[in-house]
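Keep the sequence and the model side by side as you read. The text below walks through one part after another.

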Amino acid sequence: MRRLTGKYPNNGSVADAFASRGGLAIAVALLMAICVWAVQTVEQSVSQLERDQRVFTDRQLRNGFVAMSDIQRVLLVAKEAKVAGRFSDAQKADFVEAVDILFVRKDNFERVLKVGDTLVSAESAVAALNALIDIADQAIASNYTDVDALVDALLTASAEAREHLVLFLDDMDRTQSAVLRNQSKAVAEQRTVVLASLAALTLLAVLAMVFLRREVAARRAREKAERDVQFLAYFDQLTQLPNRTQFQDRLERRLSKSTPTALLFVDVDAFKAINDTHGHGAGDAILKHVANVLAQKAERARGFAARLGGDEFAVVLPTEHMAQLKQTCGDILETLSGGYRYDGEEISLSVSIGLSTLTQLGETRAPSVDALCRVTDFALYASKSNGRKQFTLYDNALEQRFLQRRAIIEELPAAIQNEDLLVYFQPKVALKGGLTYGFEALVRWKRHGTLMPPDEFIGVAEESGLILELDRAVLFTAVKLIARYNQAYRAAFSVSVNLSALHFSSPRIVAWIEQALATSELEARLLTVEITETVEMSDWKQARDIIARIRALGVRISIDDFGTGYSSLSYLRTTSADELKIDRSLVEKVETSDKARFLLDAVLDMANNLELEVVVEGIETAEQAQTLMEMGADFGQGFLYGRPVPAEDALAALSHSQASFGKVG
């Protein structure tokens, strides 16, 4: 077999002739000649179209049509005066204005006609317009002495002017048709030229493909195919980084030598939202940008970066020096934070990082690629769970927290289904007198025989979406218990139920509330929905619509934990609320801090202006309660009045006087 790099045999064929420099020069010259001929032919056609177009102008047609409208305006003013028997001052002004406009129109019409070839019908139309204007001018000069005669003369003149204008427009229509026919002919000629040019170019292209260095092209194609196959097997096509296969191979070789190794997992925050909002083109651009940054950082540290799939990247570094690794993670976070500009639009960008080392892995298990990736993934998850835009170093405690979270996620649905969650009540009281008028429903979980505080499972429920069913269970239980007590003692105690902001992305919560009220027969005014701020509402318009539907049921809306600084002001601006719950952080120093009293006083004043009922949380001492009453607070909640206890116990502990406070009527 002849080597692909060898020379072609000199057999005097046509292929050799076309492959030579002389043959290529001839082909190029022929192509240029065809292009020049095509350009000249098209240029001639375009010039002819321009000449034809000058025959017909939109301005001529427009002036013809508008002149008819101006004539009609003159007639209308004159006819109105004829009906009245005389011209009023206003009608005289309208008549003069209409005649002036017609004169200007005629003058413009006449000037436009002089630009092109003058038509007999156009000249007649101008003459008729002049005659009509003369009649109007004479009437103006005589101060409209004979209205009837003026109208008759105008009618006659306008009829003649319209007739000539119609004839003019007919002539222009025929001219336009002729122009269109010429254009069609010119286009047909251009089509012939283009088809001929394309045929010639196609023939030349085929000859070039057949005759020019066939064996060289085949060799290059085969080599490129081999390179592509090898590249696709070990590199990511979009980012040009090593892919998962190469990452695992290279990392496994490092682990087999037991050399110092650190592994970073880097994840783009909210990447799905970027794709959904800005399109996949923007997403691909960001992935390339992240890949470029990681590759540069890794190369400086004599490591390598890889794309594992989606928005997941890995960085392998040949060091376990913790200060250096933390510096590298900080550099990556800083470089990839802020905005990324794509197609003139600023896109928010940040990443989360998980970090582990081979030494850490060896403390608990045998080193392997899967084991190192698993613990690094724990660290990455911790970074994303703790607010993103940060890096987390793996340790055993972190893994235990992850396993605990996974266990909670696995067990919580069954706990909700089996009604293993306990509803606790904490009293809400009137500060003056300390009488209970309602309760806040709270949730506890007796898991494996131990009562679990809410902060150990509410956050997990929020992140996993299980909070929706959890809130529903608490809502139905709390409403049922308070309704049963009110019906038994003819009382009117209220209950407040916390709802995650996740509920306000779907109208399903409205149906749940409606069902809970219907099955328990609790008056809607005795139910308050407290909007928690653990999750930011992503669609304020939909959230407002859902809140409005809840209020339409008669249920009250409360803004919970006001003062935590998350988004309370946004909630107040966009939500029609009935109640404002002031967070305990504003109460803790109210007795000793002038600043705290000033802030609390400002909040109370704002709530009063917005006509919101205020409930102060976290009251623990009688001195705090007294200070709050002096500042104008009416309602409160806190350990001073009662800790959260099982709902049945809280209701059973109500005294006769408290029951009277809540009685109907």
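Is Asp267 buried or exposed? Asp267 counts as buried, because its relative accessibility is 10% and the cut-off for buried is under 20%. Bear in mind that this is a predicted model.

Now look at what Asp267 does. Its side chain meets that of Lys384 in a salt bridge, at 3.4 Å from N to O. This pair links distant parts of the chain. Lys384 belongs to helix α13, Asp267 to strand β1 (residues 262–268), and 117 residues separate the two.

Lys384 has another partner. It also forms a salt bridge with Asp269, where the closest N and O atoms are 3.3 Å apart. Again the pair links distant parts of the chain, 115 residues apart. Asp269 sits in the loop between β1 and α9 (271–278). Asp269 counts as buried because its relative accessibility is 5%. Lys384 has a relative accessibility of 24%, so it counts as partly exposed. By the rule used here, the count comes to 15 salt bridges.

Next, turn to the sheet that holds β1. It is an open sheet of 5 strands with mixed pairing. The order is β2-β3-β1-β6-β7. At the edges are β2 (304–309) and β7 (391–393), each of which pairs on one side only. From one strand to the next, the twist averages 20°.

Within this sheet, follow β1 to strand β6 (residues 351–357). The two run antiparallel and are joined by 7 bridges. One place to check is Val266, whose bridge partner in β6 is Ile353. Helix α13 packs on the sheet and touches β1, β6 and β7. The direction of α13 makes about 145° with that of β6.

Where does Thr376 lie? It lies in helix α13, which covers residues 369–385. Thr376 counts as buried because its relative accessibility is 0%. Its contacts, leaving aside neighbours within four places in sequence, are Leu263, Leu264, Phe265, Gly354, Leu355 and Ser356. β1 spans residues 262–268, and β6 spans residues 351–357.

Helix α13 also packs against another helix. Two packed helices are described by the angle between their axes and the distance between the axes. For α13 and α14, the angle is about 75° and the axes are 10 Å apart. Roughly perpendicular covers 65 to 115 degrees, so α13 is roughly perpendicular to α14. On the α13 side, the contact is made by Arg374, Val375, Phe378, Ala379, Tyr381 and Ala382. On the α14 side, it is made by Leu398, Glu399, Phe402, Leu403, Arg405 and Arg406. Sorted by class, this contact has 8 nonpolar residues, 4 charged ones and no polar ones.

Stay with α14 and find Glu411. Its side chain meets that of Arg447 in a salt bridge, at 2.7 Å from N to O. Glu411 lies in helix α14 (residues 396–417) and Arg447 in strand β9 (residues 436–447), so the pair ties together parts that are 36 residues apart in sequence. Glu411 is partly exposed, because its relative accessible area is 27%. Arg447 counts as buried, because its relative accessibility is 10%. Elsewhere, salt bridges that share partners join Lys428, Arg556, Glu579 and Glu613 into one network.

Finally, look at the backbone. Most residues other than glycine have a negative phi, and most peptide bonds are trans. Which way does the phi of Arg490 go, positive or negative? Arg490 has a positive phi of about 50°, although it is not a glycine. Arg490 lies in the loop between α16 (467–489) and β11 (494–499). Its relative accessible area is 60%, so Arg490 is exposed.

Glu521 lies in the loop between α17 (508–520) and β12 (527–531). Glu521 counts as exposed because its relative accessibility is 64%.

Definitions and conventions: Residues are numbered from 1 along each chain as its sequence is written. This is a predicted model: local features need pLDDT of at least 70, side-chain atom pairs count only at pLDDT 80 or more; totals for chains, interfaces and linings use all residues. Side-chain values use heavy atoms; hydrogens and water are left out. Helices (H or I, at least four residues) and strands (E, at least two) are DSSP runs, numbered from the N terminus. Buried means under 20% relative accessible area, exposed over 50%, partly exposed in between (1.4 Å probe, protein chains only). Contact means heavy atoms within 4.5 Å. A salt bridge is a side-chain nitrogen of Lys or Arg within 4 Å of a carboxyl oxygen of Asp or Glu. Axes are lines fitted to C-alpha atoms, for helices over the stretch in contact, and angles run from 0 to 180 degrees between N-to-C directions. Angles under 35 degrees count as roughly parallel, over 145 as roughly antiparallel, 65 to 115 as roughly perpendicular and the rest as oblique. Ala, Val, Leu, Ile, Met, Phe, Trp, Tyr, Cys and Pro count as nonpolar, Asp, Glu, Lys and Arg as charged, and the others, Gly among them, as polar. Two strands pair if DSSP finds at least two bridges between them.
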